[in-house]
Amino acid sequence: MLPILASTSRYRLELLKRVARDWETCDSAVDEAHRRGELPAARATRLAEEKARAVARRFPARWILGADQVCSCRGEILDKPGSAERARAQLRALSGATAEFHTAVALVRAEPASRRCAMDHTVVRFRALTDAEIARYVAAEPALDCAGGFKCEGLGITLCDAIETTDPTALIGLPLIAVRRLLAQVGVPLP
């Protein structure tokens, strides 16, 4: 039986369907607020685990897959922008800069208690962007629900100079190579 995805993210569900078709999802309702002094990778890991644990309390005998992604640039965390104005501001901050995307996954079961985690680090170098380019991008593909305010799997690829990663699905929101590895460790068969 497949784990339950502790998320209602359509991006993560679409990615998971690449490795198996019949995923169940459940909203974790976890507060994603930043904790003072928390580093980006630690935040991603904490939130992935909290999401999985929240759903595991409702389904204690099932494996639960939680995930989270945190974008950081020049020491600042860039959350999901939520508005076109904030997306434009984030893209101005990313212009000509390098950003790190920390994508964590946690596979958790409450009974018997078990936890496995993985992390992918993706580095994105953005080209220098003009205000007009940023405005056109946000109008054409408002990635308001994506960390950093862009989608590499869409028009956002035009904003990049380079992407360095071991798993291209991580930047979209779920590192499928790590997910497959975790699922294999707990005996979930995949094709």
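Let me start with leucine 174, which in this predicted model touches Arg12, Leu15, Leu16, Ala67, Thr103, Val105, Thr169 and Val179, once residues up to four places away in sequence are set aside. Leu174 also belongs to the largest nonpolar core, a set of 46 residues, where Leu174 is listed with Leu16, Leu91, Phe101, Val105, Phe126 and Phe150 as touching the most other members. If you look for where that core draws its residues from, the elements giving two or more are the helices α1 (10-16), α3 (84-94), α4 (131-140), α5 (168-172) and α6 (176-185), together with the strands β3 (64-73), β5 (98-109) and β6 (114-126). Of these, α6 gives the most, with five residues. Apart from this core there is another one, of 14 residues, and Ile64, Ile77, Ala106 and Val108 are among them. As general background, nonpolar side chains in soluble globular proteins tend to be buried together.

Now to a pair of helices, α3 and α4. Their axes come within 10 Å and cross at roughly 135°, and because the angle has that value, α3 counts as oblique to α4. The crossing of α3 and α4 is right-handed. On the α3 side, the contact is made by Ala84, Ala87, Arg88, Leu91 and Arg92, while α4 brings Asp131, Ile134, Ala135, Tyr137 and Val138.

For a sense of distance, the C-alpha atoms of aspartate 79 and alanine 41 are separated by 13 Å, and the two residues are 38 residues apart along the chain.

Finally, threonine 25, which has its place in strand β2 (residues 24-25). With a relative accessible area of 39%, threonine 25 is likewise described as partly exposed. Once its neighbours within four places in sequence are left aside, the contacts of threonine 25 are Ile4, Leu5, Ser7 and Leu13. Alanine 6 lies 19 residues from threonine 25 along the chain, and the C-alpha atoms of these two residues are separated by 6.0 Å.

Definitions and conventions
Residues are numbered from 1 along each chain as its sequence is written. This is a predicted model: local features need pLDDT of at least 70, side-chain atom pairs count only at pLDDT 80 or more; totals for chains, interfaces and linings use all residues. Side-chain values use heavy atoms; hydrogens and water are left out. A nonpolar core is a set of buried Ala, Val, Leu, Ile, Met, Phe, Trp, Tyr and Cys residues joined through side-chain atoms within 4.5 Å. Buried means under 20% relative accessible area, exposed over 50%, partly exposed in between (1.4 Å probe, protein chains only). Helices (H or I, at least four residues) and strands (E, at least two) are DSSP runs, numbered from the N terminus. Contact means heavy atoms within 4.5 Å. Axes are lines fitted to C-alpha atoms, for helices over the stretch in contact, and angles run from 0 to 180 degrees between N-to-C directions. Angles under 35 degrees count as roughly parallel, over 145 as roughly antiparallel, 65 to 115 as roughly perpendicular and the rest as oblique. A crossing is left-handed if the near helix is turned anticlockwise from the far one by less than a right angle, and right-handed if clockwise.
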